[in-house]
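Here is a friendly walk through one protein model, taken a few places at a time. Keep the sequence and the 3D view open while you read.

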Amino acid sequence: MYIIIKNIDCLVTCAGQGRKAGAAMKDAGIIENGYVVIENGKIKAIGSGEGYLEYLKEYSKVIDGRGKTVTPGLVDPHTHLVYAGSRENELPMKLNKVGYIEILNSGGGILSTVRNTRAASIESLVEASKKRLDLMLRHGTTTVESKSGYGLDLETERKLLKVNQILNEEHEVDIVSTFMGAHAIPPEFKGNREGFIDTLINEMIPKVAEENLAEFIDCFCEEGVFSTEETEKILKAGEEHGFKLKLHGDEVESIGGAELAGKLKCISAEHLIAASDKGIKALSDNNVVAVLLPSTAFYLMVGKFARARDMIDAGVAVALATDCNPGTSPTESLQTVMTFACFGMRMLPEEVINAMTINAASAINREKEIGSIEVGKRADIAIFNSPNLNYLIYHFGINAIDTVIKDGKIVVSNL
Ligand code: NIG
Ligand code: FE
């Protein structure tokens with residue numbers, strides 16, 4: 001059966017030769033009065049005007065695209081989706097200017113979520129994470145990267161990665177798994193960081209690889225968490241076990257995270273609020289995707305955002321993500337991230353959409369299958385109540401989704 005979306009005011013295809021770096025991000029492949037034909041879960045045809053008529057059969061499902069902006073299903077390439085509990089108790093501390101790393105080092109922050117997550121059953125984690133995925137889908141997201149990292153011991157990290165597997169099988173949204181045991185030093189290794197890094201390298205990484213529980217490895221490279229030397233050691237061990245590399249870097253302080261991501265030729269470097277000029281050049285020279293998380297910059301109240309404009313000028317491919325987590329970005333909505341990307345970092349609407357579709361897909365090694373509306377690609381599509389792309393970002397703070405299509409099936413309808 002065909003699904004035909006016709007007379008689309010603004011069809012944003014994000015088509016091209018895959019990932020878009022630098023100035024190429026301004027081209028979102030927009031077609032006015034466009035149509036998309038979907039068959040067997042894939043994109044069958046695209047064009048403008050009446051070209052869809054040749055596919056029109058009595059039994060086709062036809063969606064009228066008048067007044068709508070249609071984009072590829074949004075891809076969220078950086079989340080900490082699986083955790084238990086919440087951290088609204090930190091809000092008054094934040095407002096009293098207690099710093100993020102200070103809260104962490106006094107046993108709160110990530111470590112308080114670790115306590116809750118260790119105590120949670122696999123069933124309750126699946127249930128809580130499904131609710132978050134439902135919200136993501138209803139806001140237009142069809143593929144999500146999900147990092148472990150609230151276990152910090154082998155047993156709990158495996159539990160979190162198994163939750164990812166269950167979610168991938170049971171929920172419409174596709175999940176891509178990242179092992180992030182190097183998210184903080186757990187309490188049982190306080191004062192013995194070498195001991196924890198040894199455990200990561202000699203026990204946790206080999207086991208996660210052997211059980212095929214993740215595709216990527218990530219490490220929180222930050223002043224007060226893991227140094228650049230420690231990060232390099234951990235990521236290299238991951239690489240030897242077949243993981244592709246990601247790096248949380250320069251989120252609070254500039255300690256050379258972006259430079260290291262370049263040196264290790266990571267697929268992506270993430271956060272980068274404090275990245276240096278040298279770091280930005282290293283990303284560009286080594287084709288590392290910069291995954292920026294402006295809702296986190298906003299929520300940390302650090303008074304600045306990652307330098308998206310400088311990165312784009314330097315020829316970097318920028319992607320955007322929610323960072324969905326209980327501490328620094330408790331949101332599931334990439335539409336919220338659109339607002340901060342535009343108004344916080346001055347990214348153009350075309351750049352924003354490329355950053356959360358084709359470039360986001362590239363940051364999780366999926367750009368051949370998803371991230372753009374092109375013939376042969378999977379039919380993951382978001383339909384917004386918005387007559388053009390500028391309007392979608394201009395009218396903020398609401399959910400503009402009308403319909404979401406995942407693998408050629410309508411999974412959210414007339415919201
Ligand atoms: O991306 N930076 C490290 N991890 C998360 C926050 C985790 C938390 O605070 O629970 C982040 O900001
Ligand atoms: Fe993060």
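Val-302 is partly exposed, because its relative accessible area is 34% and that class lies between buried, under 20%, and exposed, over 50% (1.4 Å probe, protein chains only). This is a predicted model, in which local features need pLDDT of at least 70, side-chain atom pairs count only at pLDDT 80 or more, and totals for chains, interfaces and linings use all residues. Residues are numbered from 1 along each chain as its sequence is written, chains are lettered from A and ligands numbered from 1 in the order in which they are written, and side-chain values use heavy atoms, with hydrogens and water left out.

To find Val-302, look at the loop between helix H10 (294-300) and helix H11 (308-313). Helices (H or I, at least four residues) and strands (E, at least two) are DSSP runs, numbered from the N terminus. Setting aside neighbours within four places in sequence, Val-302 is in contact with Ile-273 and Ala-297, where contact means heavy atoms within 4.5 Å. Glu-145 is 157 residues away from Val-302 along the chain, and their C-alpha atoms are separated by 25 Å.

On a 1 Å grid over the protein atoms alone, a pocket is an open set of points with protein on both sides within 12 Å along at least five of seven lines, whereas a cavity is a set where a 1.4 Å probe fits but cannot get out; lining residues have an atom within 4 Å of a point. The second largest pocket holds about 250 Å³ of space, a volume being the space filled by probe spheres set on the grid points, which are joined across faces, edges and corners. Its lining has 14 residues, and the closest to its centre are Val-98, Gly-99, Tyr-100, Leu-300 and Val-302. Helix H1 (90-95) and H2 each supply at least two residues of this lining. By type, the lining divides into 7 nonpolar, 3 polar and 4 charged residues; here Ala, Val, Leu, Ile, Met, Phe, Trp, Tyr, Cys and Pro count as nonpolar, Asp, Glu, Lys and Arg as charged, and the others, Gly among them, as polar.

What about the largest pocket? About 310 Å³ of space lies there. Of its 17 lining residues, Leu-104, Asn-105, Leu-111, Ile-185 and Lys-190 lie nearest the centre. Helix H2 (100-105) and helix H3 (110-119) each give at least two residues to the lining of the largest pocket.

Next, turn to strand E7 (residues 141-147), where 7 of 7 residues are buried. E7 pairs in the parallel sense with strand E6 (residues 74-76) over 3 bridges, and two strands pair if DSSP finds at least two bridges between them. Thr-141 in E7 is the bridge partner of Leu-74. E7 also pairs in the parallel sense with strand E8 (residues 174-182), over 5 bridges, and there Ser-177 in E8 partners Ser-146.

Finally, which residues hold the protein donors of the iron ion (ligand 2)? They are His-78 (NE2), His-80 (NE2), His-248 (NE2) and Asp-323 (OD), lying 2.1 to 2.3 Å from the ion. Donors are N, O and S atoms within 2.8 Å of the metal (3.2 Å for Na, K and Ca), and water is not among the atoms, so sites may look incomplete. His-78 lies in the loop between E6 and H1 and His-248 in strand E10 (residues 244-249), so the pair ties together parts 170 residues apart in sequence. Both His-78 and His-248 are buried. Glu-88 lies in the loop between E6 and H1, but counts as exposed because its relative accessibility is 57%.
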